[in-house]
Amino acid sequence: MAKRFGGRFSPQPRLDGTDPRPPARPAPGEIRHPLESRTRWVTIMATPLLISAFWQDPAGLALQLIGFGTLASGMWMTREGLQAEAAYDARRVARRPAIPRKLFGGILTGLGLAVGAYVPGAEAGAGVIGVAGAVLHWLAFGTDPMRDKGMEGVDGVQQDRAQRIVAEGEAHLKAMQDAILRTGDRRLEARVGMFAATARELFGHVEDNPDAIGALRRYLGVYLQGARDATVKFADLYAQTRDPRARQDYETLLDDLETEFAARSARLLEGGRTDLDIEISVLRDRLAREGLRPAATPDPASEPDELQRPMTMDDLLIPREADKQRR
């Protein structure tokens with residue numbers, strides 16, 4: 001019977017089905033669109049154009065091959081557009097794709113169907129088939145994202161710079177995970193995977209707050225590159241010697257790096273919360289000055305009660321009636 005893996009680094013979810021941890025940022029290769037498989041099936045359904053081409057005259061052969069190639073190219077372009085859309089949906093702050101791949105994929109699909117269905121004297125029918133194919137492509141796959149998401153108040157230059165640095169960091173993590181495979185140790189592979197998840201959490205914070213890239217460039221560049229080089233050397237050594245001391249030193253290095261990356265992520269969150277508190281306080285004060293919000297009144301419970309304050313010599317010398325009038 002299959003069992004759920006659990007341990008020190010795998011906290012169990014709550015009984016109500018909620019997970020106290022935030023969802024991990026997926027690796028670039030792990031992002032998949034649920035409609036990607038449709039492109040493969042459409043390409044397979046177009047194979048009759050390729051097969052029947054060899055029973056045609058030279059002109060028909062060329063048209064059938066061009067039609068199949070154009071349709072297959074349209075499906076490839078559509079699949080690229082779906083992957084770009086999945087990456088766009090997975091991020092909280094993202095630019096729209098620079099090239100509308102699904103739009104071009106739909107045009108190529110309709111053009112491929114029109115060319116494949118063309119026969120002399122039936123140009124109108126081939127055009128109708130092409131337009132119908134393009135419309136069906138739009139209904140099946142939708143449109144490309146046409147606007148930026150979460151970019152309000154974000155410097156576009158800093159955002160592009162952050163994406164380039166994050167891409168370099170992802171390349172370092174991929175090299176680490178590829179190198180550790182040479183050891184053949186599943187526990188080490190899982191340990192590197194956990195460190196990669198922690199680093200990708202910091203990547204997500206950098207993408208959401210690209211202004212912090214200056215303070216974190218050393219972590220996303222120098223430290224990750226050093227971790228990559230250390231992983232490559234450790235994998236070569238451990239695959240040959242199985243030295244337990246080298247393994248312990250390497251795991252200690254990963255622990256130190258993971259702790260530092262997690263601390264940086266926490267500092268970014270704390271800094272953002274402090275900035276939010278300051279903005280809220282300034283806005284409340286401005287509303288109070290303009291009369292749109294009542295000014296904050298002091299809490300009576302926080303003021304000292306005169307009946308409970310300690311008695312002084314003046315209280316003993318002042319008559320009780322005068323004391324009542326004073327009150």
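Modeller: Accessible areas come from the Shrake-Rupley method with a 1.4 Å probe, and for residues only the protein chains shown count as cover. On that basis the chain exposes about 21600 Å², of which carbon and sulfur atoms supply 59%. The model is predicted: local features need pLDDT of at least 70, side-chain atom pairs count only at pLDDT 80 or more, and totals for chains, interfaces and linings use all residues. Residues are numbered from 1 along each chain as its sequence is written, and side-chain values use heavy atoms, with hydrogens and water left out.

The chain has 11 helices and zero strands; these elements are DSSP runs numbered from the N terminus (H or I and at least four residues for helices, E and at least two for strands). Of its 327 residues, 30% count as buried, a word that stands for under 20% relative accessible area, while exposed stands for over 50% and partly exposed for the range in between (1.4 Å probe, protein chains only). Among contacts (heavy atoms within 4.5 Å) between residues at least 6 apart in sequence, 74% join residues at least 24 apart.

The part to examine is helix α4, residues 101-116. Its 16 residues reach 22 Å from the first C-alpha to the last, close to the 22 Å expected at 1.5 Å a residue, where the expected span is 1.5 Å times one less than the number of residues. The buried residues of α4 are Lys102, Gly105, Gly106, Thr109, Gly110, Gly112, Ala114, Val115 and Gly116. What covers them includes α2 (47-52), α3 (58-90) and α5 (123-141).

Two of these covering helices deserve a look of their own. Ala86 is found in helix α3 and, at 8% relative accessibility, counts as buried. Leaving aside residues up to four places away in sequence, Ala86 touches Ile31, Arg32 and His33. Ala86 and Arg32 are 54 residues apart in sequence, yet their C-alpha atoms are 6.2 Å apart in space.

Helix α5 contains Leu139, which is exposed, with a relative accessible area of 57%.

Thr39 is buried, with a relative accessible area of 1%, and beyond residues up to four places away in sequence it touches Met75, Thr78, Arg79, Leu82 and Phe141.

For comparison, consider helix α7, residues 186-208. Its 23 residues should span 33 Å at 1.5 Å a residue, and its end C-alpha atoms are 33 Å apart, which agrees. At the start of α7, a side-chain oxygen of Asp185 reaches to within 2.9 Å of the backbone nitrogen of Arg187.

Finally, Arg242 is found in the loop between α8 (213-241) and α9 (244-289). Arg242 is partly exposed at 41% relative accessibility and has a positive phi of about 55° although it is not a glycine. Most residues other than glycine have a negative phi.

Conventions. A polar contact is a pair of N or O atoms within 3.5 Å; within protein, one must be able to donate a hydrogen and the other to accept it, and residues adjacent in sequence count only if both atoms are side-chain atoms.
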